[in-house]
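Thanks for coming. I will go through one model today, starting with the contact between its chains and then moving to the inside of one chain.

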Amino acid sequence: MSHFKLVQEFLEQSAQRFPDKIALVCGDNRLTYSELENHANRLANGLRMKGIQRGDRVALFLQNSVELVIGIFAVLKCDAVFVVINATTKTDKLVYILNNCEVSALIFSSQQKRMVPELRRSCPSIRFFILAGENNSSEEIESECFTWKEILDSSTANQLPAKNIDLDLACLIYTSGSTGEPKGVMSDHSNIIFAVNSITSYIGNSEDDIVINVLPLSFDYGLYQLFMVFSFGGRLILEKGFSYPAQILSIIEKEKVTGFPGVPTIFSILVNMDLSSYNLSSLRYMTNTAAALPPAHILKIRDTFPGVRLFSMYGLTETKRTLYLPPSQLDVRPDSVGIAIPGTEVWIEDENGNRLGAGQVGELVVRGRHVMRGYWGDEELSAQRFRPGRIPGERLCYTGDLFRMDEEGYFYFVARKDDIIKSRGEKVSPKEVENILYKIEGVQEVAVIGVADALLGQAIKAFIVKNNSELTETEVLRFCRNHLEDFMIPKYIQFVDELPKTSSGKIKKTDLQ
Amino acid sequence: MNQPIEQKIKDYIAENILFTNEGYPYSEETSFLENGIVDSMNVMEIVAYVEETFGIRVEDREIVPANFDSVKNLANYLRTKGVNSQ
């Protein structure tokens, strides 16, 4: 039933099949497929009128919202490449990303309005801005900054003829890397369509599914919930986060949600709540990724939700999803993250490129159409992660994660090869946090590590050597809050007299805890 | 010292979540989440703070935006739980 050539067809075909079906519920807003299609076409025409051409990058700096969903499809309909940026990103990093991929236009919300003057100065590639939602301040909108309403009102709802083919880029997803600079993973249309078809086939989705998404669409796991639901014509309940678990549970009950994607932090909160007052019987499946669930939580989820199929999964943005554990295997091997997703293959290699067998530990290598196109503007890093396969022209993904396989061919995560921290399901580069800490006056030397944390998976801990100063923990945290996304702010700060070093003078992080 | 509940909440958020010594810079009606004042982990910290400081028990089902998403909502919620300025 795979009949999609371009990602925007997820919306376009569902709008033809189910024009009046509610496709998106976001707060008090309920939009049908045809309404979304109409708005996306209008915005696409507006973007084109303002000069957006095939291949241009358009950034969406928005929280989960109706405008973000419409914006994603509008950019695609304009043959352009969308870049969703986490709404808590601070100015320096935002400027880095916008300049890294030379965006032509930025769509933002009124909460971020104060950043616009700086972006005008620092990002010369931006030709215009669009303010999504209401202009709720009394200030005049400056030149080359348009409101959502004026763009939509002045554009037709005709569908632009698509010039792209499935080898053209659909989006860039920025992710943390060990170098400390974010890198933009390039996905072409065929990558996304393949991954969406593969994932929805093993979950067994149908148009009756109602999926609640509390994860940001800047995170590929969240973004793909949108794509998956629109591909099968279901309904997406889009929430801004999981800050108010009781509210999410009420919504699951009220909207009769069937699918709940989460990360370990979310499941950890859920299993510690009293769920007896909610009727959650509509739930049919749950998915977990980012890190393995503790076996105790798996048992608790299965006890609490006996009718729910729980999928343990593993993936990285560079291949979207890589492995999944069929729910029938959960009791047999609860600590496994499973097998390759349908239509793909994986194996384990040692450092010399030899394939390893059961029980041996090596790097997980991935082959399939979900292997993305590389990192935007970084050939060196791309060449490390994406390497040629046996057939000329094909790309394999070297995940940088160490795995082992059991006798029956199921895979188990062992460790990362780099020092990336996973906190709340998101990747955090210690280097990126260290780079920010080094900017604080009075900081002489720092080392950032992840420490085990029951709720977060790993919590971020910073060791700081002060430079004869009166620097306090509060000052450090304030600086972090102003310069780092929420999930990157250290939970622990420890001032030390010196850091452990190797004989060559490098900081020895393995001696820190 | 008699201090309104609102002031206590503002001081707590300024010092422990915004990490500033310059007071709470928003209005009492400003939504915490819409404006990025707190994130999901901070909500849990605020729950722990009010339980400890005001000696009340917060039920899971009470942790909703109507009770927790602004200084005003939180102060009103605490009053319904029998908390007075102290």
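How many salt bridges are there between chain B and chain A? This is a predicted model, and in it the count between the two chains is one. The bridge pairs Asp39(B) with Arg424(A), and their closest N and O atoms are 3.0 Å apart. Polar contacts are the other part of that tally: nine residue pairs between chain B and chain A, both residues being at pLDDT 80 or more.

Now the elements on the chain B side. Helix 2 (40-54) and helix 3 (65-68) of chain B each give at least two residues to the side that touches chain A. By residue class, the side of chain B that touches chain A splits into twelve nonpolar, six polar and six charged.

As for extent, 24 residues of chain B and 22 residues of chain A take part in the contact. The size of an interface is often given as the accessible area lost when the parts come together. For chain B and chain A the buried area is about 2,000 Å², and carbon and sulfur atoms give 56% of it.

A word on confidence before going further. The predictor assigns the complex an ipTM of 0.83 and a pTM of 0.91. Chain B has a mean pLDDT of 88, with 95% of its residues at 70 or more. Where pLDDT is low, the predicted coordinates should not be read in detail.

Next, chain A on its own. The chain is divided into domain 1 (9-184), domain 2 (242-415) and domain 3 (420-512). Arg424(A), the partner of Asp39(B) in the salt bridge, falls within the bounds of domain 3.

What do domain 2 and domain 3 of chain A bury between them? The area is about 540 Å², with 51% of it on carbon and sulfur atoms. Thr265(A), Ser268(A) and Ala290(A) supply 63% of what domain 2 buries against domain 3, more than any other three residues. Seven residues of domain 2 of chain A are in contact with seven of domain 3 of chain A, and the C-alpha centres of these two domains lie 28 Å apart.

Across this domain interface the rule finds zero salt bridges. It does find one residue pair in polar contact, both residues at pLDDT 80 or more. On the domain 2 side, helix 10 (residues 264-271) of chain A makes the largest share, three residues. That side of domain 2 divides into four nonpolar residues, two polar and one charged.

Last, salt bridges overall. Over all chains the count comes to 38. One of them joins the side chains of Glu345(A) and Arg367(A), at 2.7 Å from N to O. Glu345(A) sits in strand 17 (residues 345-349) of chain A and Arg367(A) in strand 18 (residues 362-367) of chain A, so this pair ties together parts that are 22 residues apart in sequence.

That is all I have; questions are welcome.

Key:
Residues numbered from 1 in each chain as written. Chains lettered and ligands numbered in written order. Heavy atoms only, no water. Domains from an automatic or database assignment. Contact = heavy atoms within 4.5 Å. Buried area = accessible area lost by both parts, 1.4 Å probe. Salt bridge = Lys/Arg side-chain N within 4 Å of Asp/Glu carboxyl O. Polar contact = N/O pair within 3.5 Å; in protein donor to acceptor, adjacent residues only side chain to side chain. Helix = DSSP H or I, 4+ residues; strand = E, 2+ residues; numbered from the N terminus. Nonpolar A, V, L, I, M, F, W, Y, C, P; charged D, E, K, R; others polar. pLDDT = per-residue confidence, 0-100.
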